[in-house]
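Below are some notes on the model for your reading. The points can be checked against the sequence and coordinates shown here.

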Amino acid sequence: MVNIIEMPEITSPTIANQPAPSPEPGVERAMIEIEDVDFSYGTHQVLHDVSLSVPARAVTAFIGPSGCGKTTLLRCLNRMNDLIDGAQITKGSIRIEGTDINASSVDVVDLRRRVGMVFQKSNPFPKSIYDNVAYGLRIAGVTKRSLIDEAVEKSLRSAALWEEVKDRLHVSGYGLSGGQQQRLCIARALAVEPEIVLMDEPCSALDPIATAKVEELIRQLKEQYTIVIVTHNMQQAGRCSDRTAFFYLGRLIEVDDTAKIFSNPGQRQTEEYITGRFG
Amino acid sequence: MIAPKHILGTFDEALASLRNNVLMMSSLTERSLDRAITGLVQRDDELCAIAIADDEEIDQLEKQVDKDGIDLLLRFQPVASDLRRVVSAMKLSSNLERMADQGTNIARRARKLNQHPALPETALIMPMYTHAMAMFKDAIDSYVREDVQLARSVVPRDQPLDEMNSSAGRRLIERMAEDPGQLRGYLNLIFISRCLERVGDHATNMAEDAVYAAAAEDIRHQHSASAANG
């Protein structure tokens, strides 16, 4: 992808020189390598020894019952959990293209630019559509109007929203429908040209039409981005993702190609969960 | 190990109903074939007529299984073993319906044969019938018990049945030349032999579907694929 805005290069001191572990079978090129991760909220451990490769330019779905740790792991990928007192990885590492994202020298703001996030409930800023999308660019120090204009249009087009809002870019983002607001949030995340997009139940508050639009968008975005999606909707995981990871009680039970997980999972617990025998 | 029940009781009920209808079709098909062959061997037109009439109920059950299967797919969006169970049930019912059609064909041919003096060559049919029905029963048993090994054992048994059919055909053609006065009778026996060969084919299909349902493995056309590759 051609950079249309002048973003500073990633400044995080990498330890990419360290040999990257081999990706798991079925993953051609891993964008994210999660290795033996334990995570705790204070004394309460919620992730146990999780190891997982997230392939580049593909959609990986995290599924599992509430409280299984899938959202916690998702939030580890751009260190969103840093914002919670006492929350920390107590063992293991998470590497993005070889860089340990929890190294003390990593710039968290820069990490979150590289790893964008879309939340369960759309959360546009109380600003115009244009300013919502331009927000991240301005924070990153981009001031040139023409660059911002270009990035806003490109992001809104990438989020399949441009045609619906191009004539009202300067009205409040709150005036959009729920589905449009969610796509606005996706556009906002894309504006800073992340490499990875994390989606935490992005369609849980949307109607079927808006859900279909977001799912189609996910399909298109994976051409350029690595996408990790947390969903409770089994059909959505089946439709959207290339790989599916099933979590239970803070442990990764199974990860495999989505077609395999939903036709013939290897683990009994996965089978029982996806077929609705426990939850 | 028995799978635990679904959280949705209606899902379990729908799956059980689908399976019960397939098993009902299986019982009716077996009875229909048995009546048709008994009608042939005992020269009983009434049994043949009953076998022909049985087909209507089996046809209706096939439609019911399809309807229930589609309804289940729509309402519950089954995945993994549940999806395989639904797909297999629908495919089994299709094979059972065609198998029952063979019973009807046999009964019709038997009625024609019964209008003429008995042919000793009718005895050629019984070993084929016994073989085909053993395949059929094992295919159904393997589906019911999710017994992959039993299901796999059914598939190679189709070849001997094909050979029995060829052998019977050759013998009956010889008899047609030797005894042209009974040409129609021998021709009817050739058709009956062919029907039983088709019963074996359907039993093989059902066994393959039973393997897919239980083990998610598609074993169809492996012989033809390996022959093509070889």
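1. Helices here are DSSP runs (H or I) of at least four residues, numbered from the N terminus. The model is a predicted one. On that basis, Gln181(A) belongs to helix H6 of chain A, residues 178–191.

2. Is Gln181(A) buried or exposed? Gln181(A) counts as buried because its relative accessibility is 13%, and the cut-off for buried is under 20%. Setting aside neighbours within four places in sequence, its contacts are Ser122(A), Pro124(A), Gly173(A), Tyr174(A) and Leu176(A). Of these contacts, Ser122(A) is 59 residues away along the chain, yet the two C-alpha atoms are 5.8 Å apart.

3. Chain B has eight helices and zero strands, so its order of elements from the N terminus reads α-α-α-α-α-α-α-α. The C-alpha trace of chain B spans about 65 × 45 × 25 Å along its principal axes. Of the 230 residues in chain B, 46% are buried. Where contacts in chain B link residues at least 6 apart in sequence, 82% of them join residues at least 24 apart.

4. How do H4(B) and H6(B) pack, and at what angle? Helix H4 (residues 125–145) and helix H6 (residues 158–178) of chain B meet at about 160 degrees, and their axes are 10 Å apart. H4(B) is therefore roughly antiparallel to H6(B), the cut-off for that label being over 145 degrees. The crossing of H4(B) past H6(B) is left-handed.

5. On the H4(B) side of this packing, the residues are Pro127(B), Met128(B), His131(B), Ala132(B) and Met135(B). Facing them from H6(B) are Asp158(B), Pro160(B), Leu161(B), Met164(B), Asn165(B) and Ala168(B). Sorted by class, the contact has eight nonpolar, two polar and one charged residues.

6. Which residues touch the most other members of the largest nonpolar core? In this core of 59 residues they are Leu72(B), Ile106(B), Phe136(B) and Met206(B). At least two core residues come from each of these helices of chain B: H1 (9–41), H2 (45–76), H3 (80–114), H4, H5 (148–154), H6 and H7 (183–215).

7. Another core, of 51 residues, lies apart from the largest one. Its members include Leu137(A), Ala159(A), Ile227(A) and Ala80(B).

Methods: Residues are numbered from 1 along each chain as its sequence is written. Chains are lettered from A and ligands numbered from 1 in the order in which they are written. This is a predicted model: local features need pLDDT of at least 70, side-chain atom pairs count only at pLDDT 80 or more; totals for chains, interfaces and linings use all residues. Side-chain values use heavy atoms; hydrogens and water are left out. Axes are lines fitted to C-alpha atoms, for helices over the stretch in contact, and angles run from 0 to 180 degrees between N-to-C directions. Angles under 35 degrees count as roughly parallel, over 145 as roughly antiparallel, 65 to 115 as roughly perpendicular and the rest as oblique. A crossing is left-handed if the near helix is turned anticlockwise from the far one by less than a right angle, and right-handed if clockwise. Contact means heavy atoms within 4.5 Å. Ala, Val, Leu, Ile, Met, Phe, Trp, Tyr, Cys and Pro count as nonpolar, Asp, Glu, Lys and Arg as charged, and the others, Gly among them, as polar. A nonpolar core is a set of buried Ala, Val, Leu, Ile, Met, Phe, Trp, Tyr and Cys residues joined through side-chain atoms within 4.5 Å. Buried means under 20% relative accessible area, exposed over 50%, partly exposed in between (1.4 Å probe, protein chains only).
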